[in-house]
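Hi everyone, thanks for making time today.

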Amino acid sequence: MKYALVTGGSRGIGKAICLKIAAELKYNILLNYNSNTEAAEETQVEIETFGVKCDLLKFNVADADAVQNSLENWKAENTEAKIEILVNNAGITKDGLFIFTNKESWNSVINTSLNGFYNVTQAVLKDMLRSRYGRVINIVSLSGLKGNPGQVNYSAAKGAVISATKALAQEIGKRKVTVNAVAPGFIQSDMTKDFDEEEFKKHIPLNRFGEAEEVAELVSFLASDRSSYITGEVININGGLYS
Ligand code: NDP
């Protein structure tokens, strides 16, 4: 049974990615979330309307032991299952000027995006290499490319994942496992719900925030066989804000 593991899949962009991969690619979904079980269960029901299975896995991507144990237990109970697609989507922001950024804000953002990438990818990559097929897609950010004032922690975390994407793609290309990053600009979700879209959109050529579904379209393409000759890329999806 083929599975796509999506971290932070219960809400926002991650949820849209789960729905798109289920609907378009017909993969079963292994949906990771951190705390909101109600949201995860609602998303699970929506995903299963596409005739695929959706298993929920609650763990904090920043907690290496929790990631390892949850995935090992799940694999032991699902010996026929094969994770062919990994979308490292879980991420948080703790914005503020660098001078006022305390260690907790720094560490939690780095631990979720960067160490989360390490923890989850480590746990599934060996199986992909062994079966000589896999798609790893990292959701990064415009901030990780251009740097964003007030987001030094987040820019650092996402920038590091961009570099890791490029390096890992070169290490494992021979095994037919591709690694790419998707860098969204401003996308409507809980993460951006307090942003003043009217003000921000003045700087966006397409004159609006993006939809989670628009990001999911791109991720689904990268997760499919149709992207077979693309690896080590960072693809922008930002309404023309930055290239
Ligand atoms: P949301 O805040 O809407 O959703 C976050 C999701 O991640 C939830 O499912 C949440 O689960 C989960 N999550 C958060 N922390 C952890 C953790 N430590 N371990 C496991 N799961 C976790 O975020 P978005 O959908 O907006 O963002 C998704 C990704 O896209 C992030 O990486 C973000 O940095 C990136 N991005 C977003 C942009 C935007 O404009 N929205 C722009 C650029 C990049 P739970 O509810 O259980 O906590």
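Leu31 stands opposite Leu56 in strand S3. S2 and S3 (residues 54–58) pair in the parallel sense over five bridges; strands count as paired if DSSP finds at least two bridges between them. Helices (H or I, at least four residues) and strands (E, at least two) are DSSP runs, numbered from the N terminus.

A word on the source: this is a predicted model, where local features need pLDDT of at least 70, side-chain atom pairs count only at pLDDT 80 or more, and totals for chains, interfaces and linings use all residues. Residues are numbered from 1 along each chain as its sequence is written.

Now the other neighbour of S2. Strand S1 (residues 2–6) runs parallel to S2, joined to it by four bridges, and Ala4 sits opposite Ile29.

Is S2 buried or exposed? Six of its six residues (28–33) are buried, so the strand is largely enclosed by the rest of the structure. Buried means 20 or more other C-beta atoms within 10 Å of the residue's own, with C-beta atoms placed from the backbone. In a regular strand, side chains alternate between the two faces of the sheet. Here both faces are covered: Asn28, Leu30 and Asn32 on one side, Ile29, Leu31 and Tyr33 on the other.

Finally, the ligand. H1 (residues 12–25) gives the most to the shell around the ligand, with three residues, and S2 supplies at least two.

Note on methods:
A residue is buried if 20 or more other C-beta atoms lie within 10 Å of its own, exposed if 12 or fewer, and partly exposed in between; C-beta atoms are placed from the backbone. A crossover is right-handed if, with the strands pointing away from the viewer, the path from the first strand over the helix to the second runs clockwise.
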